[in-house]
Amino acid sequence: MCFSVVTRNYTYVFTNMSTRVSVLSLGDVKDGAHVNVVGGTSPSAREVADDLMLSEKLRVFADSYDSAYKEAGDIMQTKVEVYSEIGEVFAGKKDYTWSPSNVTLFKNSGLGCQDVVCANLVYRKYIENQSC
């Protein structure tokens, strides 16, 4: 499949597919783009082609080093280095300077603790906005 007709025009690209065949290539994203890769959390799953995963332009972030190196086929099969866990960036423990010529990729394998924190935030907002 070729998504470049659509994806080349956007700064943010999201994939969420269970496939063993990569669907997103380097030519499908423009410089400065950010790609969220959500689907395919198994060693055989692929959403992103080797040319993008191995590009010098690419900086890879993950929700967890452990899940990225044990569950994410895109990362495992290409042996690409995960620059940082996303939490390290948000906490200021790892610095990243964005460049308009780079492409960033976030591999989200899904962590239960993140789901619980998000659910708690939604619940608190709900309670906060209740009128009795």
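Modeller: A residue is buried under 20% relative accessible area, exposed over 50% and partly exposed in between (1.4 Å probe, protein chains only). The model is predicted: local features need pLDDT of at least 70, side-chain atom pairs count only at pLDDT 80 or more, and totals for chains, interfaces and linings use all residues. Residues are numbered from 1 along each chain as its sequence is written, and side-chain values use heavy atoms, with hydrogens and water left out.

Biologist: Why is Glu128 called exposed?

Modeller: Glu128 has a relative accessible area of 55%, which is over 50%, so the word applies. Lys125, at 49%, falls in the partly exposed range.

Biologist: What makes Glu128 and Lys125 a salt bridge?

Modeller: The rule asks for a side-chain nitrogen of Lys or Arg within 4 Å of a carboxyl oxygen of Asp or Glu. For Glu128 and Lys125 the N to O value is 3.5 Å, so the pair qualifies. Both residues lie in helix α6 (residues 112-128), three residues apart, about one turn of the helix. Helices (H or I, at least four residues) and strands (E, at least two) are DSSP runs numbered from the N terminus.

Biologist: How many salt bridges does this rule give?

Modeller: The count comes to six. One of them joins Asp31 and Lys57 at 2.6 Å, N to O. Asp31 is in the loop between β1 (12-15) and β2, and Lys57 in the loop between α2 and β3, so this bridge ties together parts 26 residues apart in sequence. Asp31 is partly exposed at 40%, and Lys57 is partly exposed at 32%.

Biologist: Why is Arg46 called buried?

Modeller: Its relative accessible area is 8%, under the 20% limit, so Arg46 counts as buried. Arg46 is placed in the loop between β2 and α2.

Biologist: What does the side chain of Arg46 meet there?

Modeller: Asp74 forms a salt bridge with Arg46, the closest N and O atoms being 3.0 Å apart. Asp74 is in helix α4, 28 residues from Arg46, and both residues are buried. Arg46, Asp50 and Asp74 are linked in a network of salt bridges. A polar contact (N or O atoms within 3.5 Å; within protein, one able to donate a hydrogen and the other to accept it, and residues adjacent in sequence counting only if both atoms are side-chain atoms) joins the side chains of Arg46 and Gln77 at 3.2 Å.

Biologist: Why is the ring pair of Phe61 and Tyr83 given the type it has?

Modeller: Rings of Phe, Tyr and Trp (its six-membered ring) pair if their centres lie within 6.5 Å; planes under 30 degrees apart count as stacked, over 60 as edge-to-face and the rest as tilted. Phe61 and Tyr83 have centres 5.5 Å apart and planes at 75 degrees, so they are edge-to-face. Phe61 is in strand β3 (residues 58-62) and Tyr83 in the loop between α4 (73-78) and β4 (84-85), 22 residues apart. Phe61 is buried at 6%, and Tyr83 at 18%. Phe61 also pairs with Tyr96, edge-to-face, at 5.3 Å and 80 degrees. Ring pairs link Phe61, Tyr83 and Tyr96 into a cluster.
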